[in-house]
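Subject: Handing over a structure, with notes

Dear colleague,

Please find below the structure that I am passing on to you, with its sequence.

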Amino acid sequence: MIERRLKINSELDDSIFLFGARQTGKSTFLRNNFPNAIYIDLLDTSLAARYKRKPSLLYDTLIDKPQGTLIIIDEIPEVPEMLNEVHRLMSEKGLVFILCGSSARKLKRKGYNTLGGRAYPVYLYPFVSAEIPDFDLDHAIHYGMLPPHYLTKAPSKRLSAYIDVYLKEEIKQESLVRNLSAFQRFLEVAALTDGEMVNYNNIAQDCGVSANTVACYFDILEDTLVGFRLPAFSKVMKRRLVQAPRFYYFDVGIVNHLLHRNNLVRGTAEYGHALEHLVIQELKAWLSYTDSVEQLAFWRTYSGLEVDAIVGDARLAIEIKSVEEVLPRHLKGLKSFAEDYPSARLIIVSLDPFNRRMGNVECIHVLDFFKQLWDGAFALR
């Protein structure tokens, strides 16, 4: 059994919403970590149908449970009407809930009870390197870190099924978009711009829809946890900085499949993009799992100088290169950033096997960087 880096205290005092994209392993995580909890699985269609007809059934079946009893409701967005009963049971009986789901959008768009701050959100991401014995970097770069895709012997078929069934059919079932062909085109264009700055007008032209519609499409991907926008860092305006966010799908394997990137070769631009995505993906999970208050951003000037990842208040500046030998020219963005933020810790993550310092820049091989990351070497102290 793979032990996940997400930690939830088995003696919960407060209820939580556990969110994560499909197939990140939420159900497995909950069953392994809370074997004694009362478990209600709303992916059981007959059970979900009963609760839809009579949400108060939840209250009736749990009213006699002692205070502090833990109840897990898997896929709560399938029957959001149950949240009123959850609220009653929390308030009147002191029961504790873990409410699991792959999308907060169903709850948001119809104004369902979100428990008024009585349950805080927690997120489960795809695998991270520290969770996998004998982690295979090239396998992760090609097929991503979703558990079924990383562990299977036929990841390409799994990826195809995931995109066809989930990214297309679930969007259709939720009636989130009216023009499905335009949205399908958007998924592909969004993959083309993965890791790049978001330009709604350009994407709108490629998809044949308005810029406002494209902005809504990105909202859908974020609300369904399929992607995220990485903000631009702009603490001090000493120079003209780009303000548009970058977009990333939640897992690099999704991008590769949408772009038909089947055989990524080291030394190519495509491999470099995939490596950057994987490192950003790992950083995002690391900040979440360590309960960090710091934010992740990127930095870019209008003259083209950039740093791929800025952590916190310019505490860490991380450039990601797929080169096997780091040269002084690869440090240009970090050096420029240090002129504005001299206290920043400067790091370049690459495939260079020789870890060393080049002036004030730490050069770290990507696998060593991942290990140090999870060992606490870059934690806020």
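Before anything else, a word on how elements are named here: helices (H or I, at least four residues) and strands (E, at least two) are DSSP runs, numbered from the N terminus. This is a predicted model, in which local features need pLDDT of at least 70 and side-chain atom pairs count only at pLDDT 80 or more, while totals for chains, interfaces and linings use all residues. Residues are numbered from 1 along each chain as its sequence is written, and side-chain values use heavy atoms, with hydrogens and water left out.

Let me begin with the loops. H260 is located in the loop between α12 (252–258) and α13, and its phi is near 60°, a positive value in a residue other than glycine. With a relative accessibility of 64%, H260 counts as exposed (the term means over 50% relative accessible area, whereas buried means under 20% and partly exposed lies in between, with a 1.4 Å probe and protein chains only). L225, in the loop between α11 (211–223) and β6 (227–230), also has a positive phi, of about 65°, although it is not a glycine.

Next come the aromatic rings. Rings of Phe, Tyr and Trp (its six-membered ring) are taken as a pair if their centres lie within 6.5 Å, and planes under 30 degrees apart count as stacked, over 60 as edge-to-face and the rest as tilted. By this rule there are 22 aromatic pairs. In one of them, F19 and Y123 have ring centres 6.0 Å apart and planes at 35°, so the pair is tilted. Because F19 belongs to strand β1 (residues 15–19) and Y123 to strand β5 (residues 119–123), this pair ties together parts that are 104 residues apart in sequence. F19 is buried, at a relative accessible area of 7%, whereas Y123, at 32%, is partly exposed.

A further pair is that of Y125 and Y289, whose ring centres are 5.7 Å apart with planes at 65°, so that it is edge-to-face. Y125 lies in the loop between β5 and α6 (137–143) and Y289 in helix α13 (residues 269–289), so here the parts tied together are 164 residues apart in sequence. Y125 is buried, with a relative accessible area of 17%, and Y289 is buried as well, with 9%. Elsewhere, one aromatic cluster is formed by F183, F186, Y200, Y217, F218, F247 and Y249.

R31 lies over the face of Y39, 3.7 Å from the ring centre, and the charged end of R88 sits over the ring of Y59, at 3.6 Å from its centre.

As to helix packing, the axes of α13 and helix α15 (residues 366–375) come within 11 Å and cross at roughly 5° (axes are lines fitted to C-alpha atoms, for helices over the stretch in contact, and angles run from 0 to 180 degrees between N-to-C directions). The two helices are therefore roughly parallel, given that angles under 35 degrees count as roughly parallel, over 145 as roughly antiparallel, 65 to 115 as roughly perpendicular and the rest as oblique. Where they meet, with contact meaning heavy atoms within 4.5 Å, the residues of α13 include L275, W286 and Y289, and those of α15 include F369, F370 and W374.

On cysteines, a search of the whole structure finds 0 disulfides, a disulfide being a pair of cysteine sulfur atoms within 2.5 Å. C216 is in no disulfide, and the nearest cysteine sulfur, that of C207, is 13 Å away. C216 is partly exposed, with a relative accessible area of 42%, while C100, at 0% relative accessibility, counts as buried.

D308, in strand β9 (residues 306–311), counts as buried at 2% relative accessibility, and leaving aside neighbours within four places in sequence, its contacts include L230, R246 and E276. G227 is in strand β6 and counts as buried at 8% relative accessibility; its C-alpha atom is separated by 11 Å from that of G20, 207 residues apart along the chain.

With kind regards

Conventions
Lys NZ or Arg CZ within 6 Å of the ring centre and 35° of its normal.
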